[in-house]
Amino acid sequence: MNGTAAATGSASCRFAHYFVECGVDPETGLEPDDGAGEGFEQSPIRRSFKSKVLVHYPENTDRNPFNKDAVNMLCMPRGLSFRTRAERLDPQFHSFTMSFDDGTRSYGFVHTFYEEVTSAPIITAMQTLCQMHHVEHHSASSASSPSSSASSSSSSSASSPSTSSMDSLVSSLDESDTESLVSACLGCAGSFDPARDTLYVSKALCLLTPLPFLQAAREFLSQLHQAVTSHTAPPLPIESYIHNILYEVPLPPPGRSLRFHGVQGPIVCQRPGPGELPLGEYPLGEAFSLLGVDNMVQLLTCALLETQVLLCSHDYQRLMTVAEGVTTLLFPFQWQHIYLPIVSAPLHHLLDAPVPFLMGIQRRDGSQRSSLHLPHETNLCFVDIDNRCVEAPEDLPVFPDQTELVHELSEVLLRFGLPPQGGGVTAPATASPRLSSLVLEDLMEDRRNGNLGGEELEVLERLQALARRCGGEKTSDGGKTLGHAFEEEEEELKAAKLNIQLREVFAGRFAAMFGRYEEFVIHSALDLDSWLSNREGTFSFDKGSFLSGQPAAHLHFLSRFLETSMFSSFVDGKVISRWADREPLQQLFDSRLEGERLCDTDEEDSPQVIERRLLKADHTAIHPHLLDMRIGQGRHHPGYFPRLQADVLAQGQNTNKPRKGYKHTFVRKNLRQAKLLDSSPQAVTQTHREFVDGLLSECRLKTKRMLMERMGKESVELGQGEANITGLQENTLIHGLCDLLERTWGHGLQLKQGRSALWSHLLHYQAARVKTETPAESPGSNGSDHRTFHVGTLLPRGSLIQDMRFIQTMREGLSEVGQARAWIHLALEKKMLSHHLKELLTNQELLRQLYKPHAFLLCEEEREQFLFHLLSLNTVDYLCFTRVFTSISIPYRVVIIPMTKLSIAMATVDPWCKNLGRLSTLQLGQENSGLLAKCLIDCVMVYNEITEHTYKFPCGRWLGKGVGDGSLERVLIGQQVSPGGEEDAGRWTGTPPELASPSQTVRAVLESLGSRSRILSVEVQEDMREAANNLVKHFHKPEQERGNLTVLLCGEGGLVLSLEKFLLHGLKTNRLFQRNVFVWDFIEKSVVSMETADQMGDLHRSTMTKGPPCDLLCHYVNAINASPRNIGKEGKFQLLVCLGIRDRLLSHWLPLLAECSLTVRTYEDGALLQDRAALHSLSRILHTLNEFTITLETALVKGVDL
């Protein structure tokens, strides 16, 4: 259906909001652009001068007020550009975008061309500037020449542009000298003589639209410029076409196409329907050609993880093409931070922004990457578009299934003739221009004969418009041949199809990754107001459950992506959809997911739908028409853009109405995007003030999130206070903290000192300390031997400098960024991060030397609050350094402490060994010789000299032959202890410790079990159930959150101790000589009894059945006894229980022991082992553990091959 459309209503329904003309203002003349960063050594004709918005129509709109300075800056980012007749005067096209505070964007399309300067004052000013430049150049060369030293001294005083005016400089030279200098430099590059040359200046025509109609806007501006430069006047005044596109051309309805008329022919634009991907006309094929598939995927990964992305190219349109390409491929997610694809010189202070951004800067002629001084590059992705290079941050995760993704994208590009590695474009075969003209002539003949229907007539009209625009087979002024026009339209259609297919590849990937995301959204609030008021204290997405169902190879990327603002905003939109309408992107994504579940997808038809809309317009806008203009206005002057008549173009400027029924009631608080384009000093100060507030708020939220994750997750499930978010999720949170610290230390940095702003500051602080005092001994050196170790007292802590020196001596090949992260990990694990940073910031002189006045670190109040939030992290325990840097060597101090009543000196040893991680078990042994051949060990203390962690391994048993159970070695279960001292009460407040080895008190209780025949069996059974329950909960937790299995097996309250209590209950013993009772004695005798009965054939008279469980019990017991290790009777029992539970045999062995004939003689009548109900209950409990795979530590099974 084809209809006529008009846009007489609000501006929000119009195709274009504003038409803008920028250029030189003859009234103000030439103003040097001080922000361009150009020196006086450059020729004036090569310098940049300030441009002005000459006219813009309409004057303003209510919903989209005109930002004059921002539009001027983005239309002409480098200001005015001058050229002479001998230089290239090709027109240029680029586009830009402006973001608003509500998240919407406006797009600008700019056609820049060169127009002859007719203003005599400007020509004279340029001539004078060139003369000044030649005089300065001559004076400088004379001063450098020994033969002209005298003349140089007389002219040098007048050659400085900072101390001499233009007039005094010119008048200081004789007329003959000036003429000779000018004539001598006429042939030089950048010279200008109005008598012999023509001066041209750049002028920009801009169209501001609410949607990115790239092709249509570009074609309209191109036709407008061609009409101006043509020797033939256009059919209507220029004002008619501008008025038409501003007030009479509407936006195409969703799912429809619109045809409107430019100066030389019709222009078609289309808008996707509700079920299609959003409008995206920027050619993705060009973006992939500029960078290549691998680089483009890496760039998209950086954008998804919200790193700082900086694009660099000499071409502004390339910056926009890549930036828009990246944000388009993010669907269904949206970029939430600073988005400025074109950053002009006055806005370069934004490169100092301590927040994620996506910005682009122009590469100056001949400039190199090394000449670009950026304050911090830790989390920066630098994209050199011209050289096809992407410098990604360190430790960037790989996009899920990246190899398959690259292969799929490469296949799509190859189908369209584009090489995947980037570079040249394979030109498609096209019909010759002559053949196209013959076809057009045949169609025109058919029309005259009445042989064409409605559709054919429409196609013919389109072809005739092309012919008129291109002048048939000839090339008109600035025009194209008909063949070229056909080829361009075919390329546009091809680019649109390629865009759809590339976007569908990424949309399919996100649909596969997040197809079930709705199942993990947490709806905890009853209404919108309560959700908004508690937004920061609630979790809207169950990240742990979501990650537990993902492939292991995807976890590194996904865990970091789930922490981004774009994902949080996406989830927030889903939560809010319960009370308000969903955002269009989310609604589209959800409908596509639902369609995939119902096997009802139409994405494959999207290219065909777009092709149909472009080839056959659904609506036609009102044609341009003659306006009510004054006589004499609208005259055509070839080569000059006319002075537009304001009264006919300013009408209808306030007809738009405010937005009604805005669907979204929640907007995430971000920087005011519109204010970022204001380069005034007051605005720059306010922007950096917002950066400071944002950093402080981010620190508060990050530390709160880390505490909530660490403390509140496992307290109910474990039945104890320790929360374990070890591994992936903990690393992700700490990585975010490292990134925050780097951005904070990079804000307001005077000069780039290295890739890591924090490490650079630390090095400066270290150098300053070295100058003022003698450096302390490094960790692990002889100086550390002067420390004294006392149980229950705090050892001297490592200082900031000591920690730095240890990081510097690590043989890990760490970069500056890696060293800074290692230092943060170490300080966080030691609960010294806030203390160290506070010490670092005490050197105020160094701070003022390194940072600008607006830097965060020079804002005293915010800095103190920042450190306070970091101090809160001391309330939980982290092992981030220990777990990440596993291959380094660390000095330990080991102290063996005997029972104090024996008054025997402590034995100490200071080994250097590979990082042992978090210590849980310790193997203690001796050679049965020397002073301590027989000793009662109280405990073993292990001190980590680097992390300052102290571990206590209780023993409470004899070590030596002939005493206790005769053990010469023991495996002890330990726990991390907190050093005492009131001054550290705040620092050493952490989660409760794990269970340790059974203490001497527990041993006394065990020994009393044999003599107390009436002890409550309920307590023993309850302990057994609790031990088994802890094991079950251990295996039902995500793997990255599990604690230490050995502690649950062998520690206090573990399975071994509980089972020992069970077997000791009711055990008869001869206490005449106060001998200890050991369960292993009973097991050994039971095995001997079984083997003897089997040999004598007595098994048939007992209730026992001969079979594999019986044989395996005998085999395991004999193998343990045959082991060369002297682990004692308690160690042997512990080993048997661990092997039995590992091999799923323990539940079968207990009934065998109960049925053994020896049991009746050894146990009392009320013993649990003789209670069938209790035994059956215990067997069922142990049987539930058979479904889990148990892996034992090497120290437990050493020397036993079973």
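Predicted model: local features only at pLDDT ≥ 70, side-chain atom pairs only at ≥ 80, totals over all residues.
## A helix across a sheet

Let us look at one pair of strands in more detail. β10 and β13 (residues 380-384) run parallel and are joined by 5 bridges. Within this pair, Gln-308 has Leu-380 of β13 standing opposite.

Is Thr-307 buried or exposed? Its relative accessibility is 0%, so Thr-307 counts as buried. Leaving aside neighbours within four places in sequence, the residues in contact with Thr-307 are Cys-302, Trp-335, Pro-356, Phe-357, Asn-379, Cys-381 and Pro-393.

## An enclosed strand, β8

Next comes strand β8, residues 257-261. Here 5 of the 5 residues are buried, so β8 is largely enclosed by the rest of the structure. In a regular strand, side chains alternate between the two faces of the sheet. In β8, Ser-257, Arg-259 and His-261 point one way, while Leu-258 and Phe-260 point the other way, and all are buried.

Which strands pair with β8? One is β9 (residues 266-270), which runs antiparallel to β8 and is joined to it by 5 bridges. A hairpin through 4 residues connects β8 to β9. Another is β15 (residues 619-621), which pairs with β8 in the parallel sense over 2 bridges. Leu-258 has a bridge partner in each of these strands: Cys-269 in β9 and His-619 in β15.

## Ala-216 and its contacts

Although 53 residues apart along the chain, Ala-216 and Cys-269 have C-alpha atoms separated by 6.0 Å. With 1% relative accessibility, Ala-216 counts as buried.

Not counting residues up to four places away in sequence, Ala-216 touches Phe-15, Phe-260, Ile-267, Val-268, Cys-269 and Glu-281. One of these, Phe-260, is also among the buried residues of β8.

## Two helices that pack

Further along the chain are two helices that meet. Two packed helices are described by the angle between their axes and the distance between the axes. For α26 (residues 800-809) and α27 (residues 816-829), the packing angle is about 130° and the axes are 10 Å apart. An angle over 145 degrees would count as roughly antiparallel, and 65 to 115 as roughly perpendicular; α26 and α27 are therefore oblique to each other. The crossing in which α26 passes α27 is right-handed.

Which residues make the contact? From α26 come Leu-800, Asp-803, Met-804, Ile-807 and Gln-808, and from α27 come Gln-819, Ala-822, Trp-823 and Leu-826. By type, the residues of this contact divide into 6 nonpolar, 2 polar and 1 charged.

## Strand β20 and its partners

The last stop is strand β20, residues 935-944. β20 is mostly covered, with 9 of its 10 residues buried. Two strands are described here as its partners: β16 and β21.

With β16 (residues 889-898), β20 runs antiparallel, joined by 7 bridges; in this pair, Val-895 has Met-941 of β20 as its bridge partner. With β21 (residues 950-959), the pairing is in the antiparallel sense over 8 bridges, and Cys-935 finds its bridge partner in Leu-959 of β21. β20 and β21 form a hairpin with 5 residues between them, and in the turn Glu-948 has a positive phi of about 65°.

Terms used: Residues numbered from 1 in each chain as written. Heavy atoms only, no water. Buried < 20%, exposed > 50% of the residue type's maximum accessible area, 1.4 Å probe, protein only. Pairing = 2+ DSSP bridges. Axes fitted to C-alpha atoms, helices over the stretch in contact; angles between N-to-C directions. Parallel < 35°, antiparallel > 145°, perpendicular 65-115°, else oblique. Left-handed = near helix turned anticlockwise from the far one by under 90°. Contact = heavy atoms within 4.5 Å. Nonpolar A, V, L, I, M, F, W, Y, C, P; charged D, E, K, R; others polar.
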